[in-house]
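Subject: Structure for your review

Dear colleague,

Please find below the structure that I am handing over to you. A description of its contents follows directly after it.

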Amino acid sequence: MAIYLGFDSSTQSLSAIAIDVSESTREVVFAHAIVFDDVFPEFGTRHGILPSADRGAALSPPALWAAALDRIMAVIAAEAPFPLDRIRAISGSAQQHGSVYLNGDAAHRLERLDPDASLASQVPPLLARDVAPVWMDTSTTRECRAIEAAVGGPAALAAITGSRAFERFTGPQIRKWFSQDPGGYARTHRIHLVSSFLASLLAGRHVPLDRGDASGMNLMDLAAGAWSPAALDATAPALASKLPPIVPSWTIVGALAPYWTRRYGFPAAKVVAWSGDNLCSVVGTALVAEGRLGISLGTSDTAFASMPACTIDPPASGHVFASPHSRGLMGLTCFSNGSLAREAVRDAFALDWTAFSDLLRRSPAGNRGCLMLPWFGPEITPPVARPGVRRDGIDTGDAAANVRGVVEGQMMAMALHSRWIQSSPRVIHATGGAAANEEILRVMADVFDAPVLRFEVGNAACLGAALRAWHADALASGSPVSWDEVTESFVHPLGAAIPPIREHAAVYADLRQRYAAFEASVLERG
Ligand code: ADP
Ligand code: XUL
């Protein structure tokens, strides 16, 4: 009966998914993805990022995202196996933290998008700044310290906004833009996140920002769900007038603009507020109930979950975001030594993943009491600026001990540093490329002493966006559906749960404490 579209604008690509929801069917009926570098080489990006002489800067062209949106809408119009007028609502997910700077003409121009011209050609005249800093930007350390100092320190900023200042967060990026180009900042009338910028292109007007993505800016008062005057003052002058209003994530922010109707024949479907990718992944991996911990084993590893109450991560290396599905919150902690650390061990012993898994299977749980701190590169959690792997009892030439050491070290670090989000998860939902590896998931189950369910890797955020569109439309239409029903209809684990083994869990109950002490002593010694 009803089709809902979900998009995911990530660093490197734009994906779309269409779900069909009726009494008898609940299925994904269409999916498509566009890789920016491949399809739009004329923008000159590499992995979605522009070359830049500014050290640590990571900038992308907003016109590229618009080009991809235009193209994917054309593909849906031409190839989707359903009549377009069945589309009821659209939502999206986007890389978090990135910001787009629009000028005073943008409001007027957004309302008059010309269906005979490409969307990308109509974006530059909207902008006060032709590039957008994105989450990979690490160039704002000075701004982070200045903002923290102005509000009374990192803990004070975390208590207000849910995170201490992070280089990639939007507030520090705005402060840098203001100090680098005050004229450009003065010409800026509206600062959007990637999510609200793309939703504005769909709706043909400046749309509000959802509360979830707004909490990745170091600017929102998390408890109030409104801009924090103290954080805004610490960031840049007259900022309140340049930011969109904040709304709950399930808000209908507009309807598809005439541009899309005239150009491709889309109906004036509801546009539901877009959100950040990690927030949409909470929905796309069914973390909508308490007791579930999500672990994504990707390039970096992340642990995230819905939280009943606001607990700020004590050393403040994690983030608290407003939840995308309720009036509650979610916590997220990122570990930079994820797949790259596992690959470093794999490659050091010339293994492939099969041989890596064999060594893991054949070696004893607890690694005979030996430990590894897996800091192959700089680490976010705990903060380690100068990397170096630390071993306790592991011979550097022993392949099995190192394979087990890196995986156990990562899992114990995750268990230790995700306790503030979820102290003893009842079940773990695992995703990400390395979740394909069952032996790694067995160690996860044993270390956390919780069963592990594996979910499909690639599309959690995109699917989450489509599910949010369905949920918001049902709510707005007066026949709400529960999040359990929404997720149970579409989010299915791959295979049976991997249970913890009781004897192994007992070994780790002890080893986890030794790991924490080892980590603390190494950090103390610097
Ligand atoms: P990204 O964070 O870039 O989206 P993915 O979630 O796609 O990353 O995960 C990619 C990673 O998955 C690769 O870097 C690789 O190390 C890891 N990976 C893929 N297959 C396996 C496997 N069988 N065992 C362990 N790791 C794997
Ligand atoms: C989260 C973060 C990334 C981006 C990119 O804080 O910076 O996960 O959302 O996907």
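This is a predicted model: local features need pLDDT of at least 70, side-chain atom pairs count only at pLDDT 80 or more; totals for chains, interfaces and linings use all residues.

Residues are numbered from 1 along each chain as its sequence is written, chains are lettered from A and ligands numbered from 1 in the order in which they are written, and side-chain values use heavy atoms, with hydrogens and water left out.

Ligand sites

Ligand 1 is surrounded by Gly298, Thr299, Ser339, Glu343, Trp353, Gly432, Gly433, Ala434, Asn437 and Ile440 (a residue counts here if one of its heavy atoms lies within 4 Å). Its polar contacts (pairs of N or O atoms within 3.5 Å) include one from a polar side-chain atom of Glu343 to a ligand oxygen atom at 2.4 Å. Backbone atoms also take part: a polar one of Gly433 lies 2.8 Å from an oxygen atom of ligand 1, and an N or O atom of Ala434 lies 3.5 Å from one.

Around ligand 2 are Gln96, His97, Trp135, Arg168, Asp277 and Asn278. Oxygen atoms of this ligand lie 2.7 Å from a polar side-chain atom of His97, 2.8 Å from one of Arg168 and 3.0 Å from a polar backbone atom of Gln96.

Sheet and packed helices

Helices (H or I, at least four residues) and strands (E, at least two) are DSSP runs, numbered from the N terminus. An open sheet of 6 strands runs in the order E18-E19-E17-E16-E22-E23, with mixed pairing (two strands pair if DSSP finds at least two bridges between them).

Helix pair

H13 (residues 277-284) and H18 (residues 460-476) pack at about 75°, their axes 7 Å apart (axes are lines fitted to C-alpha atoms over the stretch in contact, and angles run from 0 to 180 degrees between N-to-C directions). The two helices are therefore roughly perpendicular (65 to 115 degrees).

Yours sincerely

Key
Angles under 35 degrees count as roughly parallel, over 145 as roughly antiparallel, 65 to 115 as roughly perpendicular and the rest as oblique. A polar contact is a pair of N or O atoms within 3.5 Å; within protein, one must be able to donate a hydrogen and the other to accept it, and residues adjacent in sequence count only if both atoms are side-chain atoms.
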